[in-house]
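Me: I would like to go through this entry and check what stands behind each label. Please tie the answers to the values.

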Amino acid sequence: MADFLNLTDKRVLITSGTRGAGAATVALFRELGARVLTTARTNAGALPEDMFVAADMTTARRFIAEGAQVVIADVRRAEADALAAEPGRNAMAVVLDVRSPKQWAEAVRASVADRSSISDPSAPCRACR
């Protein structure tokens with residue numbers, strides 16, 4: 001497999017990586033040398049704690065309440081917009097259907113548009129609502 005693709009020292013984020021095709025992708029990328037982090041609603045128990053982040057709208061609410069600047073990327077735009085628009089929220093919403101390369105590019109662009117908020121956690125998130 002090493003001749004197929006070398007991902008040594010690459011960092012990879014795989015969404016919905018705890019079951020089915022997502023879990024198979026996590027296993028393949030790890031085998032190819034990548035450092036993999038996956039997100040899903042629940043960990044099916046197969047992934048070590050340092051490789052998994054439980055993530056859904058509830059998680060986003062908790063992070064926002066703790067002062068984090070959050071980009072909510074979801075295919076359900078209305079739900080993401082509603083969370084980002086709640087008073088006092090330091091969040092922005094982007095549409096992301098994970099099957100769309102164009103939407104991935106836009107989500108990443110929007111997420112890093114305000115680099116000052118990434119490098120300085122105390123800076124207000126100008127890209128956020």
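Me: Which residues make the nonpolar surface patch?

Reply: This is a predicted model. In it, L13, L37, V53 and F63 make a nonpolar surface patch of about 300 Å².

Me: Why is L37 called partly exposed?

Reply: The relative accessibility of L37 is 32%. Buried means under 20% and exposed means over 50%, with partly exposed in between, so L37 counts as partly exposed. L37 sits in strand 2, which covers residues 35–40.

Me: What makes up the lining of the largest pocket?

Reply: The lining has 32 residues, and T15, T39, A55, D56 and A73 lie nearest the centre of the pocket. At least two lining residues come from each of strand 1 (11–15), strand 2, helix 2 (57–65), strand 4 (70–74) and helix 4 (101–112). Strand 4 gives the most, with five residues. The space in this largest pocket is about 1200 Å³.

Me: What share of the residues counts as buried?

Reply: The share is 31% of the 129 residues. A residue is placed in this class when its relative accessible area is under 20%. As for the surface, the protein exposes about 8400 Å², and carbon and sulfur atoms supply 55% of that area.

Me: What share of the contacts with a separation of 6 or more joins residues 24 or more positions apart?

Reply: Such residues account for 34% of those contacts.

Note on methods
Residues are numbered from 1 along each chain as its sequence is written. This is a predicted model: local features need pLDDT of at least 70, side-chain atom pairs count only at pLDDT 80 or more; totals for chains, interfaces and linings use all residues. Side-chain values use heavy atoms; hydrogens and water are left out. Patches are made of residues with over 30% relative accessible area and no salt bridge: like charges are joined within 9 Å, nonpolar side chains (Val, Leu, Ile, Met, Phe, Trp, Tyr) within 5 Å. Accessible areas come from the Shrake-Rupley method with a 1.4 Å probe; for residues, only the protein chains shown count as cover. A salt bridge is a side-chain nitrogen of Lys or Arg within 4 Å of a carboxyl oxygen of Asp or Glu. Helices (H or I, at least four residues) and strands (E, at least two) are DSSP runs, numbered from the N terminus. Buried means under 20% relative accessible area, exposed over 50%, partly exposed in between (1.4 Å probe, protein chains only). Contact means heavy atoms within 4.5 Å. On a 1 Å grid over the protein atoms alone, a cavity is a set of points where a 1.4 Å probe fits but cannot get out, and a pocket is an open set with protein on both sides within 12 Å along at least five of seven lines; lining residues have an atom within 4 Å of a point. Grid points are joined across faces, edges and corners, and a volume is the space filled by probe spheres set on the points.
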